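Here is a short report on one model. Take a look at the structure first, then read on.

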Amino acid sequence: MSTVEGPPTIGYGPMRRKEDPRFVRGQGRYVDDLKLPGMLHGAVLRSPLAHARIVSIDTTAAAAHPKVKAVVTGKDLEGLGLAWMPTMSADTQAVLATDKVRFQGQEVAFVVAEDRYSARDALELIDVEYEELPAVVDARTALDDGVPVIRDDQEGRTNNNIFDWEAGDAAEADRVFDAADVVVERDMIYPRCHPAPLETCGAVAQMDPVMGQLTLWTTTQAPHAHRTVYALVAGLPEHKIRIIAGDIGGGFGNKVPVYPGYVCAIVGSILTGKPVKWVEDRAENLMSTGFARDYVMRGQICAKDGKITGLRVHVIADHGAFNATAQPTKYPAGFFHIFSGSYDLEAAHCHVTGVYTNKAPGGVAYRCSFRVTEAVYLVERMVDALALELKVDPAQLRLENFIQPEQFPYPSKTGWVYDSGDYEQAMRLAMKMAGYDELRAEQAEKRARGELMGIGISFFTETVGAGPRKDMDILGLAMNDGADLRVHPTGKAVLGISAMSQGQGHETTYAQIVSEELGIPSADIEVVNGDTDRTPYGLGTYGSRSTPVSGAATALVARKVRERARLIAAGMLEAAPDDLEWERGRWFVKGDPEQSKTIQEIAIAAHGAGDLPEGVEGMLEDTCVYNPPNLTFPFGAYICVVDIDPGTARVHVRRFIAVDDCGVRINPMIVDGQIHGGLAEGIGIALMELIAFDEQGNCLGGSFMDYLIPTAIEVPEWELGATVTPSPHHPIGAKGVGESPTVGSPPAIVNAIIDALHESHGVDHIDMPCTPSRVWEAMQGNATPPQ
Amino acid sequence: MQVTVTINGEERSADVEPRTLLVHFIRDDLDLTGTHWGCDTSNCGACVVLVDGEPVKSCTMLAATASGHEISTVEGMADGADLDPVQQGFIECHGLQCGFCTPGMMLAARALLDRNPDPSETEIREAISGQICRCTGYSNIIKAVRWAAEHESTTHSQGV
């Protein structure tokens, strides 16, 4: 992909984005850009300690500040019944702390003032007395005897266990492992990292006390789900709540949860009668909002006669102080049970133990469908570890163990039914693009000269597009999405969707889906998202679910409109509906193609004077809710080439080859852009990004000076390839793609680093992030884990 | 205190606190919200503007310090309906996704092309290395800047 030429088109294909003209002119509509008459500004006072009892809070001086309009504490919220709110995992989370603080950065008080500087000034005037308690920082010891109980707000709780969850067949796995001739074990950590979208989280709340109407402009990936949560939290009637998301400056999962700051902005507006803006700063974003990963894993893989037969894993999952993970209710470890990957195993089993610690809540997906990232990392590291043990080429080992094309739909050993795949084709394409044999020859030459070059492979299968309502919900809400489509009399159309773009280009892609189905030029189709008053209900955008769910709803609603158009055209052409045939953009009489009506002609007729065929409603519009029968299973083959400086241990990613199969591609330019961005984030996770804590629970990753994000210097020119294996059950054969690159790339990079260091330095595992210091330690044989 | 700047060719003035950061002055007092704010530590570059033609992170400069200087923001890049080649390049090459880093990236690119009309890939990577994009993986930003270099018109070679 270089540039996109040509006029706006009909249907699929690379096309300039419809949203870009406003962005390149600085006319985006982000929440902090909003300025309402009389608007006040809020700021949150946060806990400096990870675990402490609140003895007293004195707000007298802050309230006396001449520009302060309100000061709110947890006690005040208790009086309103708002001190606690539900999380996406049906736990409770403190809006403002009442009894204890449970992580550093937790919300303690909220100040509303005339301007943003004064609100911050007033925070300094609040005096909080704490009684410090020992902090539980290491998830591995959170269940030990004598460890403080973090959630003593929950009646009867005596420990920090949140859940134990299993998938697969433990007994069968034991049998397969007993029969194996080789077993390899690895301890590995997928450390805590953070989505860190460039725009932080924020909201402007406007409560109209006369009409009882709340309008909330906010950074949300799930506007409708948030509306329902506010109705539940605040007891406001849901029809009186309007959520407007506007433009969102990146989300990556970080903007799925409801945060205390949003609720405080609403409370501030109720108390003052004015609109209240709250926008967090970067430290608040990194220290208090939804983190990702934080899985401590022990994996075992086994093989018999060179064939991979079994995989099992035990995980300790650190969920922080409140279980605010966003994932389907039935699956407390998300979709981690996709960990058997792309291989035809005899048995697989996982056991995940979720624990509370004195760290920020979250466990959101950072560009990952509900723990698929952790699962793919586990299996792809384990397969490489087995290849080392068996002394076979890691590409060859994968090729010999893939699920074969004729095995689809493939029932996995942990309960999934993979929809479609041709893994060998993708793998061979990636190897051809990389020049795999030449790379191995180059590596051998370099090794002889003492240079450190590594080639890493990862092959992933994802499960995205949650999900079927029979077994997937969040807070009891079915994970379905709506679409409604109105074709105007003049043949232009407006589509409302419940998915919410954070940069993915929905205004373009969804217009193209409608265009493909109806033949209306994409330029003539307006896509509305992010306004609950103008769009149908649905659960929003995360977990790569937009195209699998909302995209399907869009195609189906367009087909419903097309069928309505057939009936109207039949009346216009004086033919039976069954005698008409569709060609993109028009219905014509079979055998007489000159006798036809375009969709635009039908649109005006649908709204115009004159009778319509009997039983046909006027207008040309419809609505649809899509309940997916299954998830979609995108896959891909990634190859990474690294060079490691023997003197500084700095890892340089020289090449990155990514072959993705996401089924049918609607706008290949946008698909490639998604993959580029996800690969860069994968490099960040593998090499740089870490939310670390010290023993007292102090967050050590609370700024972009400490939480490092790749710049243009650290990433290579991406080399992309594609295969297309349509999803058989999706209306247009598409699968999700936004998260594939972040899921697939970290294991490829780590495998490359180990490949570079194994022969010369005996390194057989290293944990992320592979900073120069950790790689250097690994080269000396004593790498310290990240946590 | 009174701060007066020439912003996108227009003289603007406002009475602000001495501690007011340039980014807040531009956004809150001059109502030019195309300049964004993304971190507290001058790492992300979402707030980059041109001060006397040089890229500056406007969260690191006081409004008072900028008084009397010429500032260019994203809102001044286009000439009416005519986009700057950098803006057009970002559209043509899919150099943006969420759009949040885009104004700062485009201004850094503008400054680069003004002093080096034919930059190499490496030179472009270095020129934007003080800025973070979380969406694009940078490749298409680099292509966008190259596109602009190849489509630079005489009217725009004088700067914004």
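## Two crossing helices

In chain A, the axes of helix α14 (residues 546-573) and helix α15 (residues 599-607) come within 10 Å and cross at roughly 85 degrees. That makes α14(A) roughly perpendicular to α15(A) (65 to 115 degrees; under 35 is roughly parallel, over 145 roughly antiparallel, the rest oblique). Axes are lines fitted to C-alpha atoms, for helices over the stretch in contact, with angles from 0 to 180 degrees between N-to-C directions. Helices are DSSP runs of H or I with at least four residues, strands runs of E with at least two, numbered from the N terminus.

From α14(A), A565(A), I568(A), A569(A) and M572(A) meet I599(A), I602(A), A605(A) and A606(A) of α15(A). Contact means C-beta atoms, placed from the backbone, within 7 Å.

## Basis of the model

This is a predicted model: local features need pLDDT of at least 70, side-chain atom pairs count only at pLDDT 80 or more, and totals for chains, interfaces and linings use all residues. Residues are numbered from 1 along each chain as its sequence is written, while chains are lettered from A and ligands numbered from 1 in the order written.

## An open sheet

Seven strands of chain A form an open sheet with mixed pairing, in the order β3-β7-β1-β14-β11-β12-β13. Strands pair if DSSP finds at least two bridges between them. β3 (68-73) and β13 (241-244) of chain A are at the edges with a single partner strand each, so one side of each has no neighbour in the sheet.

Strands β1 (residues 40-46) and β7 (residues 107-113) of chain A run antiparallel, joined by six bridges. R46(A) has E107(A) in β7(A) as its bridge partner.

Notes
Contact = placed C-beta atoms within 7 Å.
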